[in-house]
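Please look through the sequence and the 3D structure shown below, and keep both at hand while reading. The report that follows goes through the contacts between chains and then turns to single chains.

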Amino acid sequence: MDTAMLIEKSALVLLLFLISLGVAAYQTYFERKLAAWIQDRVGPDRAGPFGILQPIADGTKMFLKEDFIPAKADKWLFIIGPGISMFTALITSAVVPWGTNLNLFGRDISLQVADFNIGILFVFGVVSIGVYGIMIGGWASNNKYSLYGAIRASSQMISYELAMGISAITIVMLSGSLSLNDIVKSQHGMNWNIFYQPVAFFIFFITSLAELNRAPFDLPECESELIGGYHTEYSSMKLGLYLFSEYTSMFVSSAIMAILFFGGYNFPGMDAFSGNTLAILSIAAFALKIFLFIFVIMWIRWTIPRFRFDQLMHLGWKVLIPVAIVNMLITGLVVAWNQGWM
Amino acid sequence: MSLQMISVILGSLTIASALMVVLSKHPIRSVIYLVITFFFISAMYILMNAQFLAIVNMIVYAGAIMVLFLFVLMLLNLNKEMEPETSRLGLISALIAGGTLFLVMITALRDTFQYGKGYTALKTPESGLVENLGNLLFSKYLVPFEISSILFIAAMVGAVLLAKREKQVID
Amino acid sequence: MESLTNRKKVVSDKPMTLWEKIYIPAIVGGMMTTFKHMLRRRKTIKYPEETRVFAPVYRGQHVLKRDEQGRENCTACGLCAVACPAEAITMTSAERKKGEEHLYREEKYASSYEINMLRCIFCGLCEEACPKEAVFLTDRIVTTEFERDEFIYGKDKLVEAIDDRIDITKRQFTGKRTEK
């Protein structure tokens, strides 16, 4: 590995880190605005024009709050919990291809930190460890509500991961590769997977909501039953990290959904451009798709009430998993037929 | 830093965290150390260019099975007072069982020393990638693969049956 | 019986049809509703910059009026205290001394006049009862305080200043009553 490549990759990592944090911060602002609009209110508008500095005010407030660790809590695990959550939320963006190659200073720069040949599995791996942050934090708080939140988070995560994986397998079948880069390239132009796999997309979307602990599946942190769930005992920036990691993973999972089903950075009529113009347009197209997903996720949160836990389990095990398996079987048969194996 | 160095460091870290699983007092901490051990093992797989195995190890063991372990342990009320006293007979039998396992491990280790000390590079670096693994599973090792899948289906059917039976008792 | 509105809905517990069991049409319908709300005009009044327009009949903090020569109208007859349903008004009367004619309009005046703003319900019965055009409710808002006893307004807060009269003509009946 030469030095230029090292610099290039570290710059990209740093940039992605900052962008993820910035996007997460402004997601909180956007979410509050959207909630206000849906409820016929104005929303935050005091800090700066249109309240645009609100996230900075919120962040400052988080930093300045008293950082409290309960006396009976397991101190180290209590500190590690939010860290794990944030880490897993940030690391997924490593395998996301953000656009076509950019040409800078005479070098062809790939806008993907690591082109894993098993990128999609990496995403699932990271998602499956993401729950540890919540579980460890919830258990270490030594509070019954936190513990309930942690238990709910883990059972919900395990149940919905299955349907998520099975629905994503159909995409792997279609594109014939586990690499996110190849999956995006196979959807060149308008040849998006959503047109072939609407059912898989639907299941993937619902399970993503559940994995993100977003409404209507935000049972681990529901205020009305568990007074905040796993982060009941948290304060200051530790709480901030938990909230932040939720928004960061929302950003990244919107990116993953855009890649798997909506062609990632591909957009119709992309053959007319080339070079850096294409790169910038592709980044813009990708950003637009991510924004739309974030919008829909927030829109759902402010529309649909929370599920009851048995309804959640019923939906996961008795509806989503069977439908996903049938969908996978049909896709497998069609792919085998097309390849001439039958 | 050579690969040899990395593998030695990783190996010692793996052993250290595996020891912590046994030595730590609280079961939840044990589980967390076990998760860390799985991570180090995954890192070893990546070192051997077996990325698929590494990630699957992470998803299945660290991500699913250990979450279930943690789930069950969190539901139990584990206090020092609740700990059952182990009888002398139990201690002796545990010692014998553990010792036998240890002997088996040592013999296994002795075998590996025949191939040379420390880290050896793989003969074919691509053998751990998905395509090759898939080809092998569906050609050379097709029968064991299918048999293991039958085993899984049997386990699933058993689990469903158990869940069903419990419900009838409640009714 | 004939229903007053046409919004009556007969509730039934029929088993749901398959279309209803999918839930997705209902969810999409709900999301459309919230989307419509997103595009609506906001009704928020941004308070410190904008204030709500008060109705002409608004009843806020009381004022004890003076007449044109700056003399207090109140004669401490106690009719307002009798009329008050919340029993918020207390007063003590005193006789006007020589040389105080420029302060009080008639021979009797209120040496203290207190309204407990925490008890007051702002019904306006005191101004209805007042025969001397002395007490009126205005469009001013009772300010917040940290202590309960600060809400007991004495004459210092109630009587209008001579050089800073409070205009009540816009929202109150001020025409001199014919019967006196």
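## Where chain C meets chain A

Across the interface of chain C and chain A, the rule finds eight residue pairs in polar contact, both residues being at pLDDT 80 or more; a polar contact is a pair of N or O atoms within 3.5 Å, where within protein one must be able to donate a hydrogen and the other to accept it, and where residues adjacent in sequence count only if both atoms are side-chain atoms. The side of chain C that touches chain A is made up of seven nonpolar, four polar and five charged residues, with Ala, Val, Leu, Ile, Met, Phe, Trp, Tyr, Cys and Pro counted as nonpolar, Asp, Glu, Lys and Arg as charged, and the others, Gly among them, as polar.

This is a predicted model, in which local features need pLDDT of at least 70 and side-chain atom pairs count only at pLDDT 80 or more, while totals for chains, interfaces and linings use all residues. Residues are numbered from 1 along each chain as its sequence is written, chains are lettered from A and ligands numbered from 1 in the order in which they are written, and side-chain values use heavy atoms, with hydrogens and water left out.

Between chain C and chain A there are three salt bridges, a salt bridge being a side-chain nitrogen of Lys or Arg within 4 Å of a carboxyl oxygen of Asp or Glu. One of them joins Asp45(A) to Lys46(C), with the closest N and O atoms 3.2 Å apart.

## How much area chains C and A bury

The contact, meaning heavy atoms within 4.5 Å, takes 16 residues from chain C and 15 residues from chain A. About 1400 Å² is buried between these two chains, and carbon and sulfur atoms give 69% of that area; buried area is the accessible area (1.4 Å probe) that two parts lose on being put together, summed over both. Of the area that chain C buries against chain A, 41% is supplied by Met31(C), Met38(C) and Arg42(C), more than any other three residues.

## Where chain A meets chain B

Of the two pairs of chains in contact, chains A and B share the most contacts, and 23 residues from chain A and 23 residues from chain B take part. The area buried between chain A and chain B is about 2100 Å², with carbon and sulfur atoms giving 80%. Tyr132(A), Trp139(A) and Ile158(A) supply 26% of the area that chain A buries here, more than any other three residues.

The rule finds one salt bridge across this interface, and the side chains of Arg29(B) and Asp74(A) meet in a salt bridge at 2.6 Å, N to O. Chains B and C, by comparison, have no contact joining them, and their closest C-alpha atoms lie 23 Å apart.

Chain B has six helices and zero strands, where helices (H or I, at least four residues) and strands (E, at least two) are DSSP runs, numbered from the N terminus. Of its 171 residues, 20% count as buried.

In chain C, Arg105(C) is found in the loop between strand E2 (89-95) and strand E3 (108-116). Why does Arg105(C) count as buried? Its relative accessibility is 18%, and buried means under 20% relative accessible area, exposed over 50% and partly exposed in between (1.4 Å probe, protein chains only). A polar atom of the Arg105(C) side chain lies 3.5 Å from the backbone oxygen of Lys132(C).
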